[in-house]
Amino acid sequence: MFNQIYMKPIDLRSDTVTKPSKAMREAIFNAEVGDDVFGEDPTVIKLQQKCAELSGKEASLFVTTGCLGNQLAIKGHTIQGDEVICESEAHIFHYETSAPSVISNVQLHTVPGTKGEMKPEDIKTAIRSGEYYFPKTRLICLENTHNRAGGTIQPIKNIKEIYSLAKENKIKLHIDGARIFNASVETGISLKEYAQYCDSISFCFSKGLGAPVGSILCGDSEFITIAHKWRKILGGGMRQSGILAAAALYALENNVKRLKEDNDNAKYFAKEISANPNIIIDTDSVHTNIVVFQIKGMPKDTFLQKMNEKNLLLSSGSYSNIRAVFHLDVSKEETIKAAEIIVNGV
Ligand code: TLP
């Protein structure tokens, strides 16, 4: 009992649980700040310039969350009554509280994919023809890596094809790249290379990159000006936010390459647990730091509770899936231990 209370749990619920390291906290402590609503915070300016450069876009905007980044993108690219195509398991569709309908007054048109990847021909079918009674398809959203599909990487060839299709139809393309660097360290494809095939891209500092708060939205200057206005309208204008931007800059400089360790830990873990016949898992679908699996013979909630009692925290994925997410606060030793707990627990 004593151990259960005081032993540090292995927390695989999400990579959002990472805590800022001592060195990151020092960067925060030393941050130069100003009033960003006046455009005077030097650290925010530096971060936004760096992200524009890294993504090859004209400009970028520091925002509080990944959700806000996605929602500002939808707002910036659409007008009331439009339709937005996204994959059936997209974060935008499942986890953003129906914000596209609230903030942008648009409807989502979902297209089922395989491992999060939509076929261009299916998107083509979903694009509305010009009859007056149809909504106008104005935007396509992709997600890379794809969360609910289990951190799968969207092939760049597929993104390129969808972008060409979008351009042919005068439709914009946004990438929810919350974990784009997990893809990047795996494929060797840079953020800029991915971002050349979209009009806007957002990514998060507060997941595997280990910052406490913050995401970024990148796009052309006109689009970012609109997003900036809407960030203010939605109450997202921040003042001395250089405190947060310093953590994001630290994360970009120090925590990108190491994401490969998280991806490798996830793959190791997946392989280990697949040895138990009561675990259903497709190890080939583990591309990055997220592992989704199912168990036989026990309800999901009972299993989660049982693991919890053994100090292993997992989250509920989509449908009957259980989710384990690897991040910088989980060592290789803890990964080995987590796999052992599961293998012996079902
Ligand atoms: N995802 C969270 C939960 O909301 C599910 C998680 O624990 O994985 N895009 C993608 C692909 C995401 O996975 C998330 C967060 C977001 C956007 C939103 O980011 P935040 O939480 O910063 O708004």
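How many of the 346 residues of the protein, as a percentage, count as buried? After that, please take helix H9 (residues 180–187) and describe what it packs against.

Analyst: The model is a predicted one. Of its 346 residues, 54% count as buried. The protein has 15 helices and 13 strands. Its radius of gyration is 20 Å, close to the 20 Å that the globule rule gives for 346 residues, so the protein is as compact as a globular protein of that length. Along the principal axes, the C-alpha atoms fill a box of roughly 60 × 50 × 35 Å. Among contacts between residues at least 6 apart in sequence, 75% join residues at least 24 apart.

Now to the helix itself. H9 covers residues 180–187, and Ile-180, Phe-181, Asn-182, Ala-183 and Ser-184 are buried in it. The cover over these buried residues includes helix H10 (191–195), strand E7 (200–204), helix H12 (242–254) and H13.

H13 spans residues 259–273, and its axis lies 9 Å from that of H9, at an angle of about 85°. Angles of 65 to 115 degrees count as roughly perpendicular, and H9 and H13 are therefore roughly perpendicular to each other. On the H9 side the contact is made by Phe-181, Asn-182, Val-185 and Glu-186; on the H13 side it is made by Leu-259, Lys-260, Asn-263 and Lys-267. By class, three of the residues in this contact are nonpolar, two are polar and three are charged. Phe-181 and Asn-182 belong both to the contact with H13 and to the buried residues of H9.

Ser-215 lies in strand E8 (residues 215–219). Its relative accessibility is 1%, so Ser-215 counts as buried. Leaving out residues up to four places away in sequence, Ser-215 touches Leu-61, Phe-62, Val-63, Thr-64, Thr-65, Gly-66, Phe-203, Cys-204 and Phe-205. Between Ser-215 and Phe-269 there are 28 Å in space, C-alpha to C-alpha, and the two are 54 residues apart in sequence.

A few backbone details in the loops remain. Most residues other than glycine have a negative phi, and most peptide bonds are trans. Asn-105, in the loop between helix H6 (99–103) and strand E4 (107–111), has a positive phi near 55°. With 35% relative accessibility, Asn-105 counts as partly exposed. Tyr-319 also has a positive phi, near 50°, and is placed in the loop between strand E12 (315–316) and strand E13 (322–325). Tyr-319 counts as exposed, at 59% relative accessibility. A cis peptide bond, with omega about 0°, joins Asn-144 and Thr-145; Thr-145 is found in the loop between strand E5 (137–143) and helix H8 (156–168).

How values were computed
Residues are numbered from 1 along each chain as its sequence is written. This is a predicted model: local features need pLDDT of at least 70, side-chain atom pairs count only at pLDDT 80 or more; totals for chains, interfaces and linings use all residues. Side-chain values use heavy atoms; hydrogens and water are left out. Axes are lines fitted to C-alpha atoms, for helices over the stretch in contact, and angles run from 0 to 180 degrees between N-to-C directions. Helices (H or I, at least four residues) and strands (E, at least two) are DSSP runs, numbered from the N terminus. Angles under 35 degrees count as roughly parallel, over 145 as roughly antiparallel, 65 to 115 as roughly perpendicular and the rest as oblique. Contact means heavy atoms within 4.5 Å. Ala, Val, Leu, Ile, Met, Phe, Trp, Tyr, Cys and Pro count as nonpolar, Asp, Glu, Lys and Arg as charged, and the others, Gly among them, as polar. The radius of gyration is taken over C-alpha atoms; the globule rule is 2.2 Å times the number of residues to the power 0.38. Buried means under 20% relative accessible area, exposed over 50%, partly exposed in between (1.4 Å probe, protein chains only).
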